[in-house]
Amino acid sequence: RPRVLSGIQPTAGSFHLGNYLGAVRQWVALQETHDAFYMVVDLHAITVPQDPKELSANTRLAAAQLLAAGLDPDRCTLFVQSHVPEHAQLAWVMNCLTGMGEAGRMTQFKDKSARQGADRASVGLFTYPILQVADILLYQADEVPVGEDQRQHIELTRDLAERFNGRFGETFTIPKPHILKETGKIYDLQDPSIKMSKSASTPKGLINLLDDPKATAKKVKSAVTDTDTVVRYDTENKPGISNLLGIYSTLTGIGIPELEQRYEGKLYGALKTDLADVVVDFVTPFRDRTQQYLDDPETLDSILAKGAEKARAVAAETLSQTYGRVGFLPAK
Ligand code: TYM
């Protein structure tokens, strides 16, 4: 079985629809066909300031949401990044292989540090993508299911893996991004020129999966579209409608051409009302399932403990090979 690996940050509150459609939904599908490793990346989270109590609560909350979304601990390995110390250890080696300029070209760092103020941004934020490289290479992943915004980090991973292999001998699998065209980038409901995100979206443009379903329905119904009236998938000229069609199609499994047909001659309002129902039908049971996992933290923690054990076995093997190739004297 080919292997996949991916990660998600333990953000406050809940995942948003972009996280789910762009990434987590693919994770659920890939656990059936791949040897799958998925993690909550708490080491990445502390690249910006975190309240310690909230961080651990949010880490559990993230794991609960992943299970609620359909990850099955019998079909995949679900773990918390800090439970596997090899991530930080391999990241150090990868740091030493990365050029300053190369790291400085990462657009996510540039955006995030600009938002925080360059002086306040941590060195950890700067090396964030290199920790991500280590995450992926540790598991010899063939594919990395993510949203479009992570593409550059996967490119960096490929570059560094090739560099290491060239310099020290074949060690790492060169991974490919797994990014879907329709859902790789879910847009803000109020501004379909920007991606849906916790940091950039306004509350009305952002669908948090754990919000009150009624409020969510309202947001879908007031999504910004265009002044035309034809329901057609055209990302260039109709980004708002195309975004809604992409979400609709993915959540229901109905193809976009069929949706276009269904709404032929109808107003945008009809599409939005139906999509609001579709989204509510998804988030309502999702919320309940998440709550069930949160109500039983012992089960949750034991799933994560088992996941960490499985992950460590793989990670330790790769790290020890890497250390050997680099020339570190083996500890006797
Ligand atoms: P994070 O936590 O920001 O986001 C988790 C996943 O959600 C995707 N995503 C989106 N997809 C479509 N449309 C959107 N509007 C949208 N917003 C977010 C992201 O692309 C991501 O796949 N650096 C990563 C976490 C990470 C990781 C890794 C991923 C750490 N190590 C190793 C893969 C492999 C991140 O910050 O994701």
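Helices (H or I, at least four residues) and strands (E, at least two) are DSSP runs, numbered from the N terminus. What you're looking at is a predicted model, where local features need pLDDT of at least 70, side-chain atom pairs count only at pLDDT 80 or more, and totals for chains, interfaces and linings use all residues. Residues are numbered from 1 along each chain as its sequence is written, and side-chain values use heavy atoms, with hydrogens and water left out.

Let's start with the strands. Five of the six residues of E1 are buried, so the rest of the structure largely encloses this strand. Here buried means under 20% relative accessible area, exposed means over 50%, and partly exposed is in between (1.4 Å probe, protein chains only). E1 runs parallel to E2, and six bridges join them; two strands pair if DSSP finds at least two bridges between them. To find one of these spots, look for Leu5, whose bridge partner in E2 is Phe37.

Now step across to E3. Strand E2 (residues 35-40) also runs parallel to E3, this time with five bridges, and Met39 has Phe79 as its bridge partner in E3. Strand E3 (residues 76-80) is mostly covered, with five of its five residues buried. In a regular strand the side chains alternate between the two faces of the sheet. In E3, Cys76, Leu78 and Val80 point one way while Thr77 and Phe79 point the other, and all are buried.

Next comes the ligand. It is surrounded by 28 residues, and the closest are Tyr128, Asp135, Gly147, Asp149 and Ile186; a residue is near a molecule or strand if one of its heavy atoms lies within 4 Å of it. Strand E1 (3-8), helix H1 (17-30) and helix H7 (123-138) each give at least two residues to this shell. Sorted by class, the shell has 11 nonpolar, 13 polar and four charged residues. For that sorting, Ala, Val, Leu, Ile, Met, Phe, Trp, Tyr, Cys and Pro count as nonpolar, Asp, Glu, Lys and Arg as charged, and the others, Gly among them, as polar.

Zoom in on the ligand's nitrogen atoms. One nitrogen atom of the ligand is 2.6 Å from an N or O atom in the side chain of Asp135. For Gln132, the distance from a ligand nitrogen atom to an N or O atom in the side chain is 2.9 Å. At Ile186, a polar backbone atom is 2.8 Å from a nitrogen atom of the ligand. Taken alone, the ligand exposes 710 Å², and the protein buries 95% of that (Shrake-Rupley method, 1.4 Å probe).

A few loop residues deserve a stop too. Thr183 is in the loop between strand E5 (176-178) and helix H9 (213-221), and it counts as buried because its relative accessibility is 2%. Leaving aside neighbours within four places in sequence, Thr183 is in contact (heavy atoms within 4.5 Å) with Leu21, Gly22, Gln26, Gly246 and Thr250.

Gln140 is in the loop between H7 and strand E4 (143-145). Most residues other than glycine have a negative phi. Gln140 is not a glycine, yet its phi is positive, at about 50°. With 19% relative accessibility, Gln140 counts as buried.

Finally, find Asp234 in the loop between H9 and helix H10 (239-252). Asp234 is buried, with a relative accessible area of 13%. Not counting residues up to four places away in sequence, Asp234 touches Pro239 and Ser242.

Conventions
A polar contact is a pair of N or O atoms within 3.5 Å; within protein, one must be able to donate a hydrogen and the other to accept it, and residues adjacent in sequence count only if both atoms are side-chain atoms.
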